[in-house]
Amino acid sequence: MTDIVDRLIAVFDQPAGHAGYGEGISQREHALQAAWLAEKEGASPALVAAALLHDVGHLLHGLGEDIAEKGVDGRHEAVGAAFLLRHFGEDVVGPVALHVDAKRYLVAVEPGYAEKLSEASVLSLKLQGGPMTKAEADRFAAKRFAKDALRLRRWDEEAKLVGYTTPEPAHFRKYVEAALRR
Ligand code: FE
Ligand code: FE
C-alpha cells in the first residue's frame, strides 16, 4: 500500500515533475508550494495531500498511466481525481476534483479575484467554462467539499512563485500516507 505513496512522492523528481505548465515554474515547485502553504495554514493531512496532488492529472504519464489509451478526456482535475480515487478517500479526491470549479466560482462571486489569476490561469479559465453563473455558483457552494476546494484554490493561485524555497517532496510523505484510504 505504501508503494503508491513512494510513486507519488517520486513522480515530482521525474521528468513529468520538472515540466513547466506555462507559469514559469515546474509542476514540482507548484505542488510543493501549494502543499507548504496548506501545511502552514494548519490544514488537515488530507487537505495537505490534496494540495500536493491537486495537479496530478498533469503528471500521470510519470506514474506510468496512459490516460489517452483509456479514453479519459483532457480535464486534468477529473483525470487526477479518477486516479486518486483508487487510493484516497473523498476528503482528498473531492477538493482535487473541484479545484477548477473553485476558480470559476471565486471569479464569479469575489470582486477582484480575477486579478489574482496568473496569465495562464486566465487563459485556461475560458476553456474551463469561464466564471460560474449564479445558479452554478449556488450549486457549487452546496457541495460537500466546496469549502476545502476553495482553500485549495487560494493556495493554488499563490503557489506560482519563482525561486520560493519549500521542503522537499519527502517532507509531505506523512500527509499522503495519513490520507490513504484503508
Ligand atoms: Fe490545476
Ligand atoms: Fe495548480
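Reply: A word on terms before the metals: donors are N, O and S atoms within 2.8 Å of the metal. Please also keep in mind that this is a predicted model.

Me: Okay, how far apart are the iron ion (ligand 2) and the iron ion (ligand 1), and which residue coordinates both?

Reply: The two iron ions, ligand 2 and ligand 1, lie 3.5 Å apart, and Asp55 is the residue that coordinates both. In the chain, Asp55 sits in the loop between α4 (45-53) and α5 (76-84), while Asp156 belongs to helix α9 (residues 146-158), 101 residues apart, so this pair links distant parts of the chain.

Me: Which residues coordinate the iron ion (ligand 2)?

Reply: The iron ion (ligand 2) is coordinated by His30 and His54, each through NE2, and by Asp55 and Asp156, each through OD, at 2.1 to 2.3 Å. The angles among these 4 donor atoms run from 78 to 170 degrees, and the site is irregular.

Me: Is Asp55 buried or exposed? And Asp156, buried or exposed?

Reply: Asp55 has 6% relative accessibility and Asp156 has 2%; because buried means under 20%, Asp55 counts as buried, and so does Asp156.

Me: Switching topic, how many residues of α4 are buried?

Reply: In α4, 8 of the 9 residues are buried, so the helix is mostly covered; among them are Leu47, Val48 and Leu53.

Me: Last one: where is Ser121, and what is it in contact with?

Reply: Ser121 is found in helix α7 (residues 119-127), and it is buried, with a relative accessible area of 3%. Leaving aside neighbours within four places in sequence, Ser121 is in contact with Glu23, Lys103, Arg153, Glu157 and Lys160.

Methods:
Residues numbered from 1 in each chain as written. Chains lettered and ligands numbered in written order. Predicted model: local features only at pLDDT ≥ 70, side-chain atom pairs only at ≥ 80, totals over all residues. Heavy atoms only, no water. Donors = N, O, S within 2.8 Å, 3.2 Å for Na, K, Ca; no water. Tetrahedral: all angles 85-135°; square planar, octahedral: opposite > 155°, others 65-115°. Helix = DSSP H or I, 4+ residues; strand = E, 2+ residues; numbered from the N terminus. Buried < 20%, exposed > 50% of the residue type's maximum accessible area, 1.4 Å probe, protein only. Contact = heavy atoms within 4.5 Å.
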